[in-house]
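Biologist: I would like to go through the charged pairs here and hear the reasoning behind each label.

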Amino acid sequence: MSAPLIEVRQLVKRFDEGEAAVTVLKGLDLSIGTHEMVALLGPSGSGKSTLLTILGTLMQPTSGSYRMLGLELAGAKDRALTEFRNSHIGFVFQFHHLLPDFTALENVVFPAAARRGREAAADRARGAELLDRVGLADRMHFPATKLSGGQKQRVAIARALMNQPELVLADEPTGNLDRESASYVMDLITEINREEATSFLISTHDETIAGRCKRQIRMVDGQVQTG
Amino acid sequence: MSYGLKIAWRYLTANRAQTALLVLGVAVGVFVFVFMSALIGGLAVFLIDRTVGSVAHISIAPSERNPYSLYGEVPSVLMATQASNEQRPQIRGATAIVPMLRAMPMVTVVAEEVTGNGFLVKGEALEPVNVTGMEPDQISAIANLARGLVAGSTELNLSTILVGRGLANNLGLGVGQTVRIRSDRGNEANMTVGGIFALGIASLDDRAAYVSIRAAKVLFDLPEGISRIEIKLADLQQAPQVARQIAASTGLDATPWTEANQQLLDGLTAQRRSGDLIKGFALVTIVIGVASALLLSTYRRRSEIGIMRAMGASRRFVVLVFVAQGALIGILGGVIGAGLGYLALSPFPLPELASAGGFPIDIRQGAYDSAILLTTLGAILASIWPARSAARVDPVTVIGQ
């Protein structure tokens with residue numbers, strides 16, 4: 001395995017909902033290196049989504065350590081996490097989650113523009129380049145709502161790459177696509193992983209999709225079983 | 001353009017009908033604000049014009065010259081002084097004072113006057129009269145006799161006199177007729193009625209007569225001095241301050257119009273406060289409208305806000321987007337409301353020109369700039385709560401939905 005990009009040690013996540021406390025992650029250990037493409041497998045309720053959410057700095061663990069790029073992120077302040085997330089982590093969701101009132105290009109450029117507070121010409125150029133790369137150069141100025149499901153997911157991938165993150169977290173990225181679109185999206189992710197220094201952690205139920213990743217991590221009951 | 005502002009504009013234009021309704025609601029509030037400002041301001045102008053329009057804004061008279069002790073006040077000594085009546089009160093050296101007054105920035109009219117009491121005699125009829133002698137070219141400078149003229153002209157020479165309509169009726173006088181004037185100094189002269197005026201003020205219409213200042217000097221035995229100087233100002237609200245300046249620099253008594261019209265001022269103040277209250281309600285309505293609309297928008301766009309936060313948009317950025325929406329709504333509604341208010345007020349004549357029983361609205365007092373400014377500030381204020389609510393959206397919750 002290459003040099004560690006993220007290192008998770010004894011990660012615990014407990015949800016306290018009234019009297020019922022549920023522990024979803026139970027002392028999980030995990031390392032992912034740079035340039036890796038990792039599939040995260042496991043049955044529903046095994047804690048995959050919770051792990052992705054914590055790794056994406058959208059949620060804090062109850063205890064344990066989460067380091068990325070050498071920085072301890074567990075317990076960091078929201079403002080610092082927001083800036084870190086913007087610069088180093090990309091997301092691809094199952095339901096694309098594009099901004100509906102924006103064009104494809106505007107959606108892609110958003111992470112950079114939100115950071116700078118303006119839409120720089122260089123960012124628009126990179127956004128256009130990314131859309132070209134995912135095969136949507138001719139849909140650049142289409143409103144997000146006018147795109148097909150597969151096209152929306154490709155826009156979401158371009159958006160995830162906008163700020164050249166070291167890590168892209170993909171939660172069932174093909175779960176809502178037909179076979180052809182799913183294959184196209186996975187080809188794209190594989191190509192980007194091969195050509196750029198971006199690691200991918202892909203949560204999936206689909207063994208075929210997982211099979212396209214160089215490494216598979218299986219989660220069972222809040223812990224990593226294999227990987 | 002700021003990116004937050006761009007998103008704010010995009011959100012507003014994404015649902016045009018809803019935004020149009022919201023802006024229209026704000027505009028109506030601003031319209032009420034502008035209309036009330038113009039109405040209250042117009043009423044004030046109308047009332048002041050009707051009350052003060054025919055009198056001076058500042059009247060300068062000689063100060064009382066009472067004897068005083070050269071040793072100052074001595075506690076153990078009781079002193080009684082008697083007002084001097086050896087000299088008639090008059091302003092001497094007006095030729096030096098008048099240019100100084102004319103040079104003051106706020107002063108628009110300076111009129112030298114010789115005044116006195118007397119009688120007008122026509123046959124067996126006799127009426128008391130307050131006579132004012134003025135320079136012929138300034139005859140309409142204080143009381144607008146030209147506007148109130150009902151017969152003849154306002155031209156004055158040594159032997160013409162202008163009388164009020166009530167006085168003319170009492171004596172049966174018409175233009176061109178001769179009337180004998182007898183001053184309280186015992187001087188008499190025959191004069192021709194040059195014009196008859198009606199200013200709508202009984203004390204003037206029934207008792208006032210105007211002659212040339214040269215004729216008045218002869219009638220009242222004032223060959224050198226004058227009785228008073230009357231002044232009009234560009235802004236009559238400045239009268240108390242300017243009067244104090246004049247009194248300090250000339251040593252004369254300078255009385256602003258406000259001293260004699262305190263009840264009117266109290267009434268106008270109460271009226272203005274009522275207007276401010278209504279304008280305040282209009283602003284509160286705007287704030288509530290904008291806040292509720294933006295709060296609804298926050299709720300509707302929860303998932304988008306969550307996505308933005310997941311993509312690394314800071315809470316501050318989210319707040320900016322919603323506050324910018326409030327500001328844009330405020331500016332748009334403010335400008336449209338103020339514009340509509342201006343258009344609606346345009347057909348109304350200025351209060352100075354409004355006829356009796358008319359609608360005294362002053363288009364100049366629509367307070368358009370403060371209406372736009374206050375509305376924008378109010379809308380920004382109204383957006384803070386929804387903006388903070390938006391910034392608290394948990395991306396995990398909305399992404400999972």
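This is a predicted model: local features need pLDDT of at least 70, side-chain atom pairs count only at pLDDT 80 or more; totals for chains, interfaces and linings use all residues.

Modeller: Over all chains, 27 salt bridges are found.

Biologist: What makes Lys6(B) and Glu119(A) a salt bridge?

Modeller: The cut-off is 4 Å between a Lys or Arg side-chain nitrogen and an Asp or Glu carboxyl oxygen. For Lys6(B) and Glu119(A) the N to O value is 2.6 Å, so the pair qualifies. This pair crosses between chains, with Lys6(B) in helix 1 of chain B and Glu119(A) in the loop between helix 3 and helix 4 of chain A.

Biologist: Why is Lys6(B) called buried?

Modeller: Buried means under 20% relative accessible area. Lys6(B) has 18%, so it counts as buried.

Biologist: How do you know that Asp187(A) and Arg212(A) form a salt bridge?

Modeller: Their closest N and O atoms are 2.2 Å apart, and the limit is 4 Å. The two residues lie 25 residues apart in the chain, Asp187(A) in helix 6 and Arg212(A) in the loop between helix 7 and strand 9.

Biologist: Why is Asp187(A) called partly exposed?

Modeller: That label covers values between 20% and 50%. Asp187(A) is at 37%, so it is partly exposed. Arg212(A), at 32%, is partly exposed as well.

Biologist: What are the labels for Glu304(B) and Arg301(B)?

Modeller: Their side chains meet in a salt bridge at 3.0 Å, N to O. Glu304(B) has 9% relative accessibility and therefore counts as buried. Arg301(B), with 3%, is buried too.

Terms used. Residues are numbered from 1 along each chain as its sequence is written. Chains are lettered from A and ligands numbered from 1 in the order in which they are written. Side-chain values use heavy atoms; hydrogens and water are left out. Helices (H or I, at least four residues) and strands (E, at least two) are DSSP runs, numbered from the N terminus. Buried means under 20% relative accessible area, exposed over 50%, partly exposed in between (1.4 Å probe, protein chains only).
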